[in-house]
Amino acid sequence: MSNGTPPPPASGAAPPGLDLARLREHLDRERPGLVSGPLRAQLIEGGRSNLTYRVTDGTGSWVVRRPPLGHVLATAHDMRREHRVISALHDTAVPVPRTLLLCEDEAVIGAPFYVMELVAGTPYRSTEQLAALGPERTRAVVLSLVDTLVELHAVDPQAAGLGDFGRPDGFLERQLRRWGKQLAASKNRDLPGIDALHEALGRALPASPAPTVVHGDYRLDNVLVEPRQGGDAITAVLDWEMSTLGDPLTDLGLLAMYCTDLGLPKSPVSTTSGAPGHPGPDELIARYAERSGRDVAQIAWYTAFAWFKLAVILEGIHYRYTLGQTVGAGFDRIGELVPLFIDRGLTTLKEG
């Protein structure tokens, strides 16, 4: 799925969560002739929670997605949901991988999963990585990210078979309530301003435009970019686990937030906004408005909501870190970012 991921090793144990022998048996039964040799696999980095593997038989290569290890909730819906939206969007202008198979039988590998084609491309996750392209290519890539979002929001959900994919009525109110509950479940310290931000967002709730398919986590490192004749192209939009029918401006507000320079070198939160040539959020919002024809006068609310949502997510990560439930570099610095995100949210909402 990404040129940035090395090919699976020639031999060795399968990565956790993927029984290659049982996967091979299932593929031979459901897609006879697809696999022609022993399978090898490697976990692909990235993604919010679901696990992504690159699988190959030495001739062909595919991608397998499954829920995280130890997931105790019913998860078939998650895989079915991702598989459904990607399959529905394949014949639209939105670049997505071609899906090959959905398996909801947990007896095969221990969880529901689906298989899709491997798409060439690189996910750009850091300023340093993007800066290697140079200012002109960086600018073009980020602008194409906006153009692809416009294409997604132009998809007719009914025509794509996604008319019942979500409940758009009351979408923003439910989103605000959901993330408020998430905050209450993970807050174990005083966070000045976060309750004020939550309440202010509730008082200023905008009227949503007509609902569209929304990605839910739309940003540069959730797409693949590949050099093509005439310039770099987005070859696939990935990580659809939060997709639904709802307010399209939530995607734009989140993208604007991710494209705001935090001014924090070596931040544990992935950002590419400091790369030379990277367009600022105002330019991206203006381009979206021009190409989509949508009114973005209330975009400050959506961007402030994105700051709030990320503050809640980061606080949850910090909370798990204090309990010793996270492993890896950078988690010790997550907690210090939360007040910054709260302040950005309050400032954005106040300044409009």
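**Helix packing and burial**

Analyst: Helix 5 and helix 6 cross with a left-handed sense; a crossing is left-handed if the near helix is turned anticlockwise from the far one by less than a right angle, and right-handed if clockwise. This is a predicted model, in which local features need pLDDT of at least 70 and side-chain atom pairs count only at pLDDT 80 or more, while totals for chains, interfaces and linings use all residues. Residues are numbered from 1 along each chain as its sequence is written, and side-chain values use heavy atoms, with hydrogens and water left out.

User: At what angle do the axes of helix 5 and helix 6 cross?

Analyst: Axes are lines fitted to C-alpha atoms, for helices over the stretch in contact, and angles run from 0 to 180 degrees between N-to-C directions. Here the axes of helix 5 and helix 6 come within 11 Å and cross at roughly 165 degrees. Helix 5 is therefore roughly antiparallel to helix 6 (angles under 35 degrees count as roughly parallel, over 145 as roughly antiparallel, 65 to 115 as roughly perpendicular and the rest as oblique).

User: Which residues make the contact of helix 5 with helix 6?

Analyst: Contact means heavy atoms within 4.5 Å. Leu176, Gly180 and Leu183 of helix 5 meet Ile194, Asp195, His198, Leu201 and Gly202 of helix 6.

User: Which residues of helix 6 are buried?

Analyst: Buried means under 20% relative accessible area, exposed over 50% and partly exposed in between, with a 1.4 Å probe and protein chains only. In helix 6 (residues 194–203), the buried residues are Ile194, Leu197, Ala200 and Leu201. They cover an arc of only 125 degrees around the axis, so they lie on the same side of helix 6; the arc is that of the directions from the helix axis to the C-beta atoms. An α-helix has 3.6 residues a turn, so residues three or four places apart point the same way. The cover over the buried residues of helix 6 includes helix 5 (171–186), helix 9 and helix 10 (331–351).

User: How do helix 7 and helix 9 cross?

Analyst: The axes of helix 7 (residues 249–258) and helix 9 (residues 299–322) come within 8 Å and cross at roughly 65 degrees. These two helices are therefore roughly perpendicular to each other, and the crossing of helix 7 and helix 9 is right-handed.

User: Is Val63 buried or exposed?

Analyst: Val63, in strand 3 (residues 61–66), counts as buried because its relative accessibility is 0%.

How values were computed:
Helices (H or I, at least four residues) and strands (E, at least two) are DSSP runs, numbered from the N terminus.
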